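Biologist: Before I plan around this protein, could you take me through its model?

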Amino acid sequence: MSVAHADDADDYSRPTGESYHAEKALPSGDFYTGQWRDNLPHGHGKYLWTDGCMYVGDWHRGKTMGKGRFSWPSGATYEGDFKNGYMDGKGTYIDSSGDLYRGSWVMNLRHGQGTKSYVNGDCYDGEWRRGLQDGHGRYQWKNENHYIGQWKNGLMNGNGTMIWSNGNRYDGSWEEGAPKGNGTFRWSDGSFYVGVWSKDPKEQNGTYYPSTSSGNFDWQPQQVFYVDLSECVVCTCQRIPVLPSQKMPVWYGSSEQSSSGNRTKNSERPRRRSVDGRVSNGEMELRNNGSGYLQLDDNAESNRSSLGPLRIQPAKKQGQTISKGHKNYELMLNLQLGIRHSVGRPAPATSLDLKASAFDPKEKLWTKFPSEGSKYTPPHQSCEFKWKDYCPVVFRTLRKLFSVDAADYMLSICGNDALRELSSPGKSGSFFYLTNDDRYMIKTMKKAETKVLIRMLPAYYNHVRACENTLVTKFFGLHCVKLTGTAQKKVRFVIMGNLFCTGHSIHRRFDLKGSSHGRLTTKPESEIDPNTTLKDLDLNFAFRLQKNWFQEFCRQVDRDCEFLEQERIMDYSLLVGLHFREASFKDSATPTSGARTPTGNPDTRLSRAEMDRFLLDASKLASIKLGINMPARVERTARRSDCENQLVGEPTGEFYDVILYFGIIDILQDYDISKKLEHAYKSMQYDPTSISAVDPKQYSRRFRDFILRVFVEDT
């Protein structure tokens, strides 16, 4: 192909904002032809990569945006909507094998309503989430067998019906692609079998009802699993070889290189426009300003607000390791011994459908741990103590529901690594401990909090079972250590999931309630670091979520608030953690524990394309959930100086790409007599709408209204 390079001088002679046709040969060997404006593709254009990939369609400020067609050298094609470089909207993808998907996409993933036609003759029509069948859908095999019902993570899961071409059918519950739980199998002649289904013959239980006296009494339910379902295998989706967003170039402008291949006199450091239109020198820089802070900063020409650059200190691992000599060393040993005993204790397999007796407050187990050991407990070096498990069957089932492997759980808490104690107790006086791998947080409990958790446990269990994306705290165990001797001291504690267990450094964290009284951090600016939890009046960002995620977020906040209101809970908050993508650096693969700490070396900075590849790698996609590992944008905000208690600041037009982590915490405070008295007392001194201690219904409404003002849809 003969390529005529655009004249550099001509580029700079054109008025800003005027579009014209251009042909650009890049130093990499890639080629662009199409509409051009402000040194970026803008309008309709074609881009050819040296590896054979091609995009033809709409561009907006250097990014694929609008309608377009992307093709791969393998023969795969995508035609449809693009947004910010991603396949996003409605589109059709045909992979190299001939499989065809037509439907909704979100950030390169099949997400929403869509139809998948497989080259072998199978077809799925229904809902998708994060690239897999999830929700309600119909799958038809080429032999005309078909399933209609619920799906989860690409497998039949929930209530559904399988109808075979010979007229037989199964109606009932499914789990991981097979009947599990209550269900009925019917034959075309009118015979049927009803009962509890399981691949494990020991759990299988039911009754066969023949249509005539000569029915097939030799039939066994296991035949459904190993014969009837043997040909009903759901086809997997072929992985997209290279995502279009990973191919997007960083545009350096036409002054980058002349037709002879040398830099021109105008080749100052390359500039690009960010999503919000600001000009910057390529990527945003992360540099050390000499004070130990890492600073996100554009160049001097950027249209920055008067707030100055965003300052970020390197994150440090939280807490003090509890080693021998620490005042709580023996308590930690007791805790680890008790957990090992509880989790390792043999127990029958349990269904997710628990009996009411499992939630009985009297359902608890005491175990004595003498120092010399016993028939059921090992010898140990700590003092003698007694151990209590509250509602053990419920918490064992919760761990199963949350997909917590028993061996991993035991290893995290009871392995060779010591726990870490956070430096100061919380407002309630509780102490917090972290496991060394940061997966679990252990909180000491007051007796009143323990009673609240046990009281709300049935409703909590039903809520988290019904809402896969619930934002409320995940509880894994409730226990008590009682020391023997004259002290008779009792320490109650709950084991929870740690919201910030991630390979990303958390650069900012906010605890948001929607109230203003006392909701300002008292630390001076110089002492605020990534481990400082900021509050409502410290908030200087609006969180922008992609449309589908924002809609799911709104629905889930409504459900969670309704649940907490019904349980008479108040004083909870949304804990939000931000990882700024521009502050990410190359280092080892995802670490086994803790959050990575930036090195401060700008030469090892990850480019935007490299960061996209890291985030959108297939192995990482499954980890993106509501409130966990979510790519998003934040817009910096500023409060008016004349409004001291303004909760939501004014937008500044200053945007950052982030990864968000968030969840609802502190859900064990009910509106008891002490909170009612606190409300009455503070209402006489302060504006009643500004204080935290308010009626659960009012609290829920205020919390929801505030959260949905600071979380908005990214348009």
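This is a predicted model: local features need pLDDT of at least 70, side-chain atom pairs count only at pLDDT 80 or more; totals for chains, interfaces and linings use all residues.

Modeller: Residues are numbered from 1 along each chain as its sequence is written, and side-chain values use heavy atoms, with hydrogens and water left out.

Biologist: Which element has the highest confidence in the protein?

Modeller: pLDDT is the predictor's confidence in each residue, from 0 to 100, and the protein averages 78, with 76% of the residues scoring at least 70. Helices (H or I, at least four residues) and strands (E, at least two) are DSSP runs, numbered from the N terminus. Confidence is lowest in strand 18 (residues 272–273), at a mean of 34, whereas the highest value, 94, belongs to helix 7 (residues 447–466).

Biologist: What percentage of the residues in the protein are buried?

Modeller: The protein has twelve helices and 37 strands. Buried means under 20% relative accessible area, computed with a 1.4 Å probe and protein chains only. Of the 715 residues, the buried share is 51%.

Biologist: Which strands are the edge strands of the sheet of eight strands?

Modeller: Two strands pair if DSSP finds at least two bridges between them. The eight strands form an open, antiparallel sheet in the order 23-26-27-28-30-29-25-24. Pairing on one side only marks the edge strands, which are strand 23 (320–321) and strand 24 (364–369).

Biologist: What is the bridge partner of phenylalanine 475 in strand 30?

Modeller: Strand 29 (residues 475–483) and strand 30 (residues 490–497) pair in the antiparallel sense over seven bridges. In strand 30, the partner of phenylalanine 475 is methionine 496.

Biologist: Why is one side of strand 32 and of strand 37 left without a neighbour in the sheet?

Modeller: Seven strands form an open sheet with mixed pairing, in the order 32-31-34-36-35-33-37. Strand 32 (533–534) and strand 37 (711–713) stand at the edges, so one side of each lacks a neighbour because each has a single partner strand.

Biologist: At what angle to strand 37 does the direction of helix 8 run?

Modeller: Helix 8 (residues 547–566) packs on this sheet, touching strand 33 (541–545), strand 35 (630–638), strand 36 (650–665) and strand 37, where contact means heavy atoms within 4.5 Å. Axes are lines fitted to C-alpha atoms, for helices over the stretch in contact, and angles run from 0 to 180 degrees between N-to-C directions. For helix 8 and strand 37, the angle is about 140°.

Note on methods
Buried means under 20% relative accessible area, exposed over 50%, partly exposed in between (1.4 Å probe, protein chains only).
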